[in-house]
Amino acid sequence: MLGKLNYEVTLAENGQHAIDILAVAPAGRFHLILMDCQMPIMDGFDAIRAIRAGQAGSKHQQLTIIALTANAMDEDKQQCLACGMDDYLAKPIQLQTLKDKLEQY
């Protein structure tokens, strides 16, 4: 979907991989993170806490981070926001919904 919307994408296999990618990336390289909440090795919640704590470099602490999760209950959204995510998208994600959310940021 991101390709259809003409966005450049860098994939991370898990939360730790995302932190490792960010740690060596120059400031301004990334503008937004779509973070899956359920991943092996390090889930999205722990990855966000680590990014916000500066473990991926202080230059990335304020990146916009949107949670992606199959859990669509209000308490799930609140958990995402409470751990430092800026916004939330529930799966399955529709192309127009994704487009609208990305344009918002």
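A residue counts as exposed when its relative accessible area is over 50%. Ile 41 has 75% relative accessibility, so Ile 41 is exposed. This is a predicted model. Ile 41 lies in the loop between E1 and H2. Its phi is positive, about 65 degrees, although Ile 41 is not a glycine.

Asn 6 also has a positive phi of about 65 degrees and is not a glycine. Asn 6 sits in the segment before H1. Its relative accessible area is 70%, so Asn 6 is exposed too. Most residues other than glycine have a negative phi, and most peptide bonds are trans.

## A cis peptide bond

The bond from Lys 91 to Pro 92 is cis. Its omega is near -5 degrees. Pro 92 belongs to the loop between E3 and H4.

## The sheet

An open sheet is built from 3 strands in the order E1-E2-E3, with parallel pairing. E1 and E3 (87-90) stand at the edges; each has a single partner strand, so one side of each has no neighbour in the sheet. Neighbouring strands are turned by 25 degrees against each other on average, direction ignored.

E1 and E2 pair over 5 bridges, in the parallel sense. Ile 33 has Ile 65 in E2 as its bridge partner. Helix H4 (residues 95-104) packs on the sheet and touches E1, E2 and E3. The direction of H4 makes about 175 degrees with that of E3.

## Helix packing

Two packed helices are described by the angle between their axes and the distance between the axes. For H1 and H2 the angle is about 25 degrees, and the axes are 8 Å apart. Angles under 35 degrees count as roughly parallel, and H1 and H2 are therefore roughly parallel to each other. Their crossing is right-handed.

H1 makes the contact through Gly 15, Ile 19 and Leu 22. H2 contributes Ala 47, Ala 50 and Ile 51.

## Nonpolar cores

The largest nonpolar core has 24 residues. Met 35, Ile 51 and Met 85 touch the most other members. Helix H1 (15-24), strand E1 (32-36), helix H2 (44-52) and strand E2 (64-69) each supply at least two residues of this core. H2 gives the largest share, 5 residues.

Leaving out residues up to four places away in sequence, Met 85 touches Met 35, Cys 37, Gly 44, Phe 45, Ile 48, Ile 65, Ala 67 and Cys 80. Another core, of 7 residues, lies apart from the largest one. Among its members are Leu 89, Ile 93, Leu 98 and Leu 102.

Conventions
Residues are numbered from 1 along each chain as its sequence is written. This is a predicted model: local features need pLDDT of at least 70, side-chain atom pairs count only at pLDDT 80 or more; totals for chains, interfaces and linings use all residues. Side-chain values use heavy atoms; hydrogens and water are left out. A nonpolar core is a set of buried Ala, Val, Leu, Ile, Met, Phe, Trp, Tyr and Cys residues joined through side-chain atoms within 4.5 Å. Buried means under 20% relative accessible area, exposed over 50%, partly exposed in between (1.4 Å probe, protein chains only). Helices (H or I, at least four residues) and strands (E, at least two) are DSSP runs, numbered from the N terminus. Contact means heavy atoms within 4.5 Å. Two strands pair if DSSP finds at least two bridges between them. Axes are lines fitted to C-alpha atoms, for helices over the stretch in contact, and angles run from 0 to 180 degrees between N-to-C directions. Angles under 35 degrees count as roughly parallel, over 145 as roughly antiparallel, 65 to 115 as roughly perpendicular and the rest as oblique. A crossing is left-handed if the near helix is turned anticlockwise from the far one by less than a right angle, and right-handed if clockwise.
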